[in-house]
Amino acid sequence: EKKMNRVLVSIIIRTCQRPYILKRALESIVIQSYPEIQVVIVEDGNNESEKFIKEKYIFCYFLGNNPPHRDFANRFKEKTGYKLVALQHLDELVLSDIEFADIKPFNVSPSDFINLVANAEYVLTDSFHGTIFSLLYHKPFFTFSRFESSNKISTNSRIESLLKMVRIDGRYIKATESIDDCLKRNVDFETVDCLISDFQKKSIN
């Protein structure tokens, strides 16, 4: 019987001074059943001394057209004193974004995006990936619903499932919530890491 030719899959891991992220990435790769894997680890260079934004900020990563989420961000800015950094018009033209945020980077690379998450004081998002990266980089965050629950193309459920799985569904909020109450909510990222690791192990059994 001839051995079936398999495609070599290259996995590139960008990292810099974040050993816990690298360890989890490698552990996830090791348990994969596909044998033809090549791992390339790249020094990212996004360390603390090379921040994309030099001052303290709140990173706003909103894909949906929901002005109340921007209103919440402005209230959050007033309470914390941090500037708002936002990537704008990502999925559509959002008119309420025109006057929104203090810093509005354009032509942001994937590496720059990671830098923006990793160095933020807080992350406000309606995105699944914005939520995931906030968890991975241990950043305090709050996630909003991008879609109405009745919307057939809604992807809200996967965010809800993720946050329930790691037992921090209190980070999934409405734009009308009190800023003071939100700031009192802490995240035990050590527990979150353990729960994610347990879920990864169970998923292959």
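Of the 205 residues of the protein chain, 40% count as buried, where buried means under 20% relative accessible area, exposed means over 50% and partly exposed covers what lies in between, with a 1.4 Å probe and protein chains only. The model is a predicted one, in which local features need pLDDT of at least 70 and side-chain atom pairs count only at pLDDT 80 or more, while totals for chains, interfaces and linings use all residues. Residues are numbered from 1 along each chain as its sequence is written, and side-chain values use heavy atoms, with hydrogens and water left out.

**Overall build**

The protein chain contains 7 helices and 6 strands, which are DSSP runs numbered from the N terminus, helices being H or I with at least four residues and strands being E with at least two. Along the sequence, these elements follow the pattern β-α-β-β-α-β-α-β-α-β-α-α-α. Among contacts in the protein chain with a separation of 6 or more, 69% are accounted for by residues 24 or more positions apart, a contact being heavy atoms within 4.5 Å.

**Helices H4 and H5**

Helix H4 (residues 128-136) packs with helix H5 (residues 156-165) at an angle of about 20°, their axes being 9 Å apart; the axes are lines fitted to C-alpha atoms, for helices over the stretch in contact, and angles run from 0 to 180 degrees between N-to-C directions. That angle makes H4 roughly parallel to H5, since angles under 35 degrees count as roughly parallel, over 145 as roughly antiparallel, 65 to 115 as roughly perpendicular and the rest as oblique. On the H4 side the contact is made by Phe128, His129, Thr131, Ile132 and Leu135, and on the H5 side by Arg158, Ile159, Leu162 and Leu163.

The structure holds 10 aromatic pairs, counted for rings of Phe, Tyr and Trp (its six-membered ring) with centres within 6.5 Å, where planes under 30 degrees apart count as stacked, over 60 as edge-to-face and the rest as tilted. In one of them, the rings of Phe59 and Phe113 have centres 5.9 Å apart and planes at 70°, so this pair is edge-to-face. Phe59 belongs to strand E3 (residues 57-61) and Phe113 to helix H3 (residues 110-118), so the pair ties together parts that are 54 residues apart in sequence. Both Phe59 and Phe113 are buried. Helix H3 is largely enclosed by the rest of the structure, because 8 of its 9 residues are buried. Elsewhere, ring pairs join Phe62, Phe72, Phe76, Tyr82, Tyr122, Phe142 and Phe144 into a cluster.

**Two valines in loops**

Val108 is found in the loop between strand E4 (83-86) and H3, and at 25% relative accessibility Val108 counts as partly exposed. Val166 is found in the loop between H5 and helix H6 (179-183), and at 2% relative accessibility Val166 counts as buried.

| Pair | Apart in sequence | Apart in space, C-alpha to C-alpha |
|---|---|---|
| Val108 and Leu87 | 21 residues | 8.3 Å |
| Val166 and Phe199 | 33 residues | 9.3 Å |

Not counting residues up to four places away in sequence, Val108 touches Phe52, Leu87, Phe113 and Leu116. With neighbours within four places in sequence left aside, Val166 is in contact with Val192, Leu195 and Ile196.
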